[in-house]
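Morning, everyone. Please have the sequence and the model open while I talk.

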Amino acid sequence: MHFWKRFFDHFSFILLLNLFNEIIGSEVLRPRGVSLSRAPLYNPKNDFTCFDRSKTIPFSQVNDDYCDCPDASDEPGTSACPHGIFYCVNAGFKPMNLASSRVNDGICDCCDGADEYASEPKCINNCAELGQFAREKELQREELLKAGKQLREEFSQKGIQEKQQRKEKLLELEKNKEEADRVKAEKERLKNEAEELENTALDYYRKLEEEQNKQKAETEALKLRVEANAAFNKYDVDQDGKITVSELQQFETFDKDKDGKVSEEEAKYFLNDQEEADSEKFVSDAWNRIKPYLMIESGAFREKTDPDQEAVEEEEEFNEEEKTEEDADDEEDSVKEQQEPEQQEEIPPPIEYDEETQKLVDAATDARNEFSNAESAVRDLESEIRNIKEYLEKDFGPDEEYAPLLGQCFEYVDHEYIYKLCPFDKTVQQPKSGSMETRLGTWGHWSGPDHNKYERMSYERGQACWNGPQRSTIVNISCGSDNKVTSVSEPNKCEYVFEFSTPAACYEIPIEYQESAHDEL
Ligand code: MAN
């Protein structure tokens with residue numbers, strides 16, 4: 001049975017060969033499923049040697065539906081070998097390689113129907129229609145490419161010009177900066193000189209001020225002591241040189257909680273938590289606690305920084321809450337009234353220098369201002385230079401053709417969001433409802449394949465996703481007659497894919513990288 005099948009297959013193959021010879025004449029004849037490039041390896045006049053050289057078999061065993069070669073090379077036109085490859089000619093369209101397991105499986109894979117030669121019903125041959133369609137598409141693509149290439153050239157010219165202008169500007173700024181550095185150094189020297197003279201002249205006034213401050217401090221300390229001593233005498237009811245808790249309890253001033261009586265605790269508080277205080281302790285410790293209460297009592301302005309005073313204030317605030325608003329307002333006004341004259345007093349009167357000193361102070365002030373202006377001129381130039389350098393370092397494509405896209409943003413609106421691509425800057429998403437923009441990524445780098453990295457952009461480190469990573473965007477770039485985001489998707493949560501067409505991408509893709517590129521085995 002097997003022998004007869006081989007015999008008929010071989011016989012029909014010879015018949016077919018003859019038929020081909022008659023019809024096509026120049027067509028290279030080959031067994032079913034063999035590509036043009038491999039045809040010479042199948043010579044019906046010789047025995048067949050498997051491609052891996054493991055075996056040589058009579059040619060009649062090629063395509064006899066029995067797998068002889070481990071590399072499947074003897075069965076290119078049947079499904080006998082598990083890893084075989086069937087080649088469809090698909091005349092009129094493009095040839096195709098197919099896993100040989102799909103030969104005669106009842107499904108039409110080749111447009112010329114060659115893979116289903118033993119199946120019923122026969123597959124129709126629609127290669128001509130597919131070819132026509134593909135040619136039309138190719139024509140459109142070529143036309144688009146032609147128009148796009150022209151625009152790309154313009155983009156590139158613009159980009160090159162922009163970089164050139166900036167290079168020239170950079171040279172100019174660097175020259176300006178040299179001069180500005182020189183001016184700054186000179187102004188610094190002048191400032192130092194002027195300040196030295198100013199310092200020497202001011203030394204006299206500083207010493208004078210120090211002396212005055214010292215005297216003032218001493219006077220105040222003395223005043224405090226006199227006040228404290230007077231108070232000590234007042235509260236030392238039995239005049240035994242000591243103030244005790246029970247003595248303080250006799251004075252309403254120390255009724256902190258205003259409950260009508262001075263408790264032991266309240267009195268002790270004013271003695272710095274001691275049972276009694278002699279005159280020295282009273283002056284050094286107790287007086288600090290007592291004085292603020294006396295000042296409140298007398299309506300005098302309170303010192304803000306005294307911690308005990310703060311305690312008093314807190315208490316006051318607490319009491320105030322219980323008063324009516326009107327009362328509170330009245331009180332506020334009176335506090336203001338008390339504060340204002342006091343605050344004015346705190347501003348020290350301007351020091352009047354003698355004429356010569358004043359001249360030196362003015363000269364130093366002018367020199368300081370001039371130095372500060374020179375400094376900021378250098379800073380401005382540095383920042384301009386930095387910006388230009390950053391621009392010049394940007395990779396705008398092999399011919400600077402993507403440069404004109406910088407500074408522009410392109411929108412895409414879907415049912416829920418407005419998406420925005422601002423090349424070399426960011427990608428964003430904004431709900432149509434108008435709420436806040438979400439950053440989907442900041443310009444990272446070109447991320448296309450090795451043979452053309454300019455096919456894809458990556459925008460990274462966007463706003464963090466709820467319970468997830470930071471958002472990021474891939475922008476796939478293709479040739480188009482204008483700059484346009486043609487679709488946006490989110491294939492994985494918070495990972496966005498933008499399709500962007502632009503004339504900048506209109507260039508001839510090397511044939512090996514074209515989508516239609518076909519490797520004939
Ligand atoms: C927002 C949008 C979506 C994203 C979710 C994640 O709704 O940014 O694109 O998937 O947040 O929580």
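I will go through disulfides in this model.

First, the ground rules. This is a predicted model, where local features need pLDDT of at least 70, side-chain atom pairs count only at pLDDT 80 or more, and totals for chains, interfaces and linings use all residues. Residues are numbered from 1 along each chain as its sequence is written, and side-chain values use heavy atoms, with hydrogens and water left out.

How many disulfides does a search of the whole structure find? Eight. A disulfide here is a pair of cysteine sulfur atoms within 2.5 Å.

Start with Cys108 and Cys123. Their sulfur atoms sit 2.1 Å apart. The S-S torsion of Cys108 and Cys123 is about -90°, so this link is left-handed. Cys108 and Cys123 both lie in the loop between strand E4 (96-99) and helix H2 (127-235), 15 residues apart in sequence. Helices (H or I, at least four residues) and strands (E, at least two) are DSSP runs, numbered from the N terminus. Cys108 is partly exposed at 45% relative accessible area; Cys123 is buried at 15%. Buried means under 20% relative accessible area, exposed over 50%, partly exposed in between (1.4 Å probe, protein chains only).

Next, Cys111 and Cys127. Sulfur to sulfur is 2.0 Å. With 100° about the S-S bond, the link of Cys111 and Cys127 is right-handed. Cys111 is in the loop between E4 and H2, Cys127 in helix H2. Both Cys111 and Cys127 are buried.

Last, Cys409 and Cys422, at 2.1 Å. Their link is right-handed, at 110°. Cys422 sits in strand E8 (residues 417-422). Cys409 is partly exposed at 42%, while Cys422 is buried at 2%.
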